[in-house]
Amino acid sequence: MKQSQLQHILDIYALGEVETFFKNKVWFINDVYTINNSYILKGYTSEDPFALEKEVYCYVAFKEHLPVPELIAADSSERMYSHKFLLASKLSGQNLYSVWHLLNNQERRAIIKQLCSFLKKINQLPYYEFMEKFPSPYDWSWANQIVSKIQVLLSFCQKKGIIPETLAKNIQAFITSNKESLNEQKIWLVHRDIHFDNILVENIQITGMIDFEKIIVGSLDFVLSMVRRMSLFPTKYMSEADEPHAKKEDYENLLQRFEEYYPELFDFKDLAIRLMFYDLEYDLRLLKHHPQEQWIILNLQHTLGAF
């Protein structure tokens, strides 16, 4: 985005001159700019047509409960910018990945305790209004939703010839043998994108939670899918600048800390099998968009190795 475009947007909302701006390197999907160290402009390039609207909904609904940015404007016309965009205040603090390696165990526990308390607040908010605004194509069965997504993705990958047929058959066999494990459901509003780049901290306090475009109405344990990936693959959601500080031992106890401060997330009979389903859905979705990446095939094989 050019400075003249940013200036035009700031002029419309009477926010003064563009003195400094840069494109953030943390976000992997959307275009995000920091302006005058005071504002964040986020251009939505994800495949979800309601990504902007979901994030706007969350910033408004959560502002009395969570440290979220103050919404200044949202535009879906694509006239001022080539994408839908959101303009919000810039919160203070650093992303949690950038400081995690500097914290001791007591400080890390304090952060996770805070994060779990915020997740509880999200989960406890009424979700019927969200469902009305963003209807799901799936019924109220969590099992049907997860299995349907996997089946659609698996079929796509088979048709494109980007998944070995033996692996596809093994995934299908896993679904057939284990889909009943998903029948248990505790449906809430779930922030599933809680990797540490989306958590801002300052002086051992969480000062911001951002990036709510992937929020869903789903089963409470779904958030553990991302927590588990952060624990197993610490660099997965990091910016390149933070990767040199990543040590596996700094993340290996994440699940234990979440269980300590939010045990309800783990209160499912067949949790291990459920997490395998979530991993399969995640990796098949990755494979759809990155068919050349052989490590995704290895991840799928590794997941089924526990079956």
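Analyst: Accessible areas come from the Shrake-Rupley method with a 1.4 Å probe, and for residues only the protein chains shown count as cover. The model is predicted, so local features need pLDDT of at least 70 and side-chain atom pairs count only at pLDDT 80 or more, while totals for chains, interfaces and linings use all residues. Residues are numbered from 1 along each chain as its sequence is written, and side-chain values use heavy atoms, with hydrogens and water left out.

User: What share of the accessible surface belongs to carbon and sulfur atoms?

Analyst: The accessible surface of the chain comes to about 15000 Å². The part of it that belongs to carbon and sulfur atoms is 50%.

User: Are Tyr-57 and Phe-134 buried or exposed?

Analyst: Buried means under 20% relative accessible area, exposed over 50%, and partly exposed in between (1.4 Å probe, protein chains only). Tyr-57 has a relative accessible area of 12% and Phe-134 one of 11%, so Tyr-57 is buried and Phe-134 is likewise buried.

User: How are the ring planes of Tyr-57 and Phe-134 arranged?

Analyst: Rings of Phe, Tyr and Trp (its six-membered ring) pair if their centres lie within 6.5 Å, and planes under 30 degrees apart count as stacked, over 60 as edge-to-face and the rest as tilted. Here the centres are 6.2 Å apart and the planes stand at 90°, so the pair is edge-to-face.
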